[in-house]
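Open the model in your viewer and keep the selection tool at hand.

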Amino acid sequence: MSLIRKIVVAGGTHGNERTGVRLVEKWMACPECYGACCPSADVSLVLANPEAMRLNRRYRDFDLNRSFSQVCLDASLEPQQYEFRRARELNRIYGPKGVNTKTDLLLDVHNTGSNMGLCLILSARDPFTMKASAVLTQEFDDAWIYYQPEERSASPYFGTVAKADVCIEIGPQQHGTLDARLFEQAEKLVKRYLELADEWNRGELQKRAPIQVEVYTQLRDLGYPKAWAGAPIEAMIHPDLLGADYRELKKGDKLFRTFDGKDILYEGEADGRESVWPIFINEPAYYEKDIAMSLTVKSVEEW
């Protein structure tokens, strides 16, 4: 990545994830809160889904953060759903998605009900976002790196409108609520990304020694046990697994518990892998997507 000239800080991509909403609202009212963090770049703020914010819901008609694939943005017919129209509007302002985008870096602030701490989601092996995120794992005790590889044109996420992005998932926090401790951590974290972007533009961040980091790379999403697609779930997350994001799950460990109290064990992966590291465990917004958790593989790398 070359110099970072245009940065967007987004909140409210999901309207009931209030940390990003209030952070952006605060900064809009108080530019001095962030204005000195990255003088070498133009920093813009956006409340991505105002209709969902007004309703205090994840979305109005459709998940905005699943509306930014190139296919969705380029569809010939004018969409009826509010979020598809809003995605096109955001793409016009901050994109267009692809090599000609106006935005170098997009920081999208989210909340999760899962015990994810400060989860830094990277969708590409971008030099700046890797280096900056590695630094932040040293500065914040509860910062974690989740690598979710995405082909950018096909990716449905708002961040992929920019050349590079970090989706910041903060939890555990109930949707529609605020948590003062997490809000303050989030503000410090986003400020540090801006400061590190300025350090990058000065050519200093690149000179830092490599940092050893734990990287949790997406393997697959795991659904709830069901008799057939669309049927009611037949089991819940096992009590031993609740809140155990980033902890190793081994073949034979307890995974689900049925409503009559029977345990369902993890059986390993089809490729013979016997250990995974679950994240987004029991995320409430993912019930509608039939995702009980995301399974990752853990590696130690130097960034």
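## A charge over a ring

Select R125 and Y147. R125 lies over the face of Y147, 4.8 Å from the ring centre. Bear in mind throughout that this is a predicted model.

## Aromatic pairs

Now show the aromatic side chains. The structure holds 11 aromatic pairs. Start with F68 and F158, which are stacked, at 5.0 Å centre to centre and 25° between the planes.

Move to F128 and W200. Their ring centres are 5.7 Å apart and the planes meet at 75°, so this pair is edge-to-face. Again the chain is bridged over a distance: F128 belongs to helix α5 (residues 127–139) and W200 to helix α6 (residues 180–201), 72 residues apart. Both F128 and W200 are buried.

One more ring stop: select W144, Y216 and Y246. Ring pairs link these residues into a cluster.

## The nonpolar cores

Which residues have the most contacts inside the largest nonpolar core? Select I7, V9, W27, F128, I168, Y193 and L194. The core they belong to has 52 residues. Its largest share, 10 residues, comes from α6.

Centre on I168 and show its surroundings. Beyond its neighbours within four places in sequence, I168 contacts D108, V109, H110, C119, L120, L189, V190 and Y193.

Then pick Y224, L241, L249 and L255. They are among the 15 residues of a second, separate core.

## Along helix α5

Select residues 127–139, helix α5. How far apart are its end C-alpha atoms? They are 19 Å apart, which agrees with the 18 Å that 13 residues should span at 1.5 Å a residue.

Colour the buried residues of α5: F128, T129, M130, K131, A132, S133, A134, V135 and L136. The buried residues of α5 meet β3 (105–111), β4 (117–122), β5, β6, α6 and β7 (212–222).

## Salt bridges

Display the charged side chains. Side chains of opposite charge can pair when their charged atoms come close. The whole structure has 28 salt bridges.

Begin at E51. E51 forms a salt bridge with R54, with 2.9 Å between the closest N and O atoms. The two lie three residues apart in helix α2, so about one helical turn separates E51 from R54. R54 is exposed, with 58% relative accessible area. E51 also meets R60 in a salt bridge, at 3.4 Å from N to O. R60 counts as partly exposed, at 30% relative accessibility.

Next, go to α6 and select R192 and E195. Their side chains form a salt bridge of 2.7 Å, N to O. Both lie in helix α6, three residues apart, about one turn of the helix. Are the two partners buried or exposed? E195 counts as partly exposed, at 31% relative accessibility. R192 counts as buried, at 18%.

Finish the charges with E17, R58, D63, R66 and K289. Salt bridges that share partners join these residues into one network.

## Backbone details

Hide the side chains and look at the peptide bonds. G95 and P96 are joined by a cis peptide bond, with omega about 0°. P96 is placed in the loop between α4 (82–94) and β3. The bond from G171 to P172 is cis as well, with omega near 10°. P172 lies in the loop between β6 and α6.

Now check phi. N56 is not a glycine, yet its phi is positive, at about 55°. Find N56 in the loop between α2 and α3. N56 is partly exposed, with a relative accessible area of 36%.

Last stop: F280. F280 has a positive phi of about 50° although it is not a glycine. Its place is the loop between β12 (275–279) and β13 (293–302). F280 counts as buried, at 4% relative accessibility.

Methods
Residues are numbered from 1 along each chain as its sequence is written. This is a predicted model: local features need pLDDT of at least 70, side-chain atom pairs count only at pLDDT 80 or more; totals for chains, interfaces and linings use all residues. Side-chain values use heavy atoms; hydrogens and water are left out. Rings of Phe, Tyr and Trp (its six-membered ring) pair if their centres lie within 6.5 Å; planes under 30 degrees apart count as stacked, over 60 as edge-to-face and the rest as tilted. Helices (H or I, at least four residues) and strands (E, at least two) are DSSP runs, numbered from the N terminus. Buried means under 20% relative accessible area, exposed over 50%, partly exposed in between (1.4 Å probe, protein chains only). A charge sits over a ring if NZ of Lys or CZ of Arg is within 6 Å of the ring centre and within 35 degrees of the ring normal. A nonpolar core is a set of buried Ala, Val, Leu, Ile, Met, Phe, Trp, Tyr and Cys residues joined through side-chain atoms within 4.5 Å. Contact means heavy atoms within 4.5 Å. A salt bridge is a side-chain nitrogen of Lys or Arg within 4 Å of a carboxyl oxygen of Asp or Glu. The expected span of a helix is 1.5 Å times one less than its number of residues.
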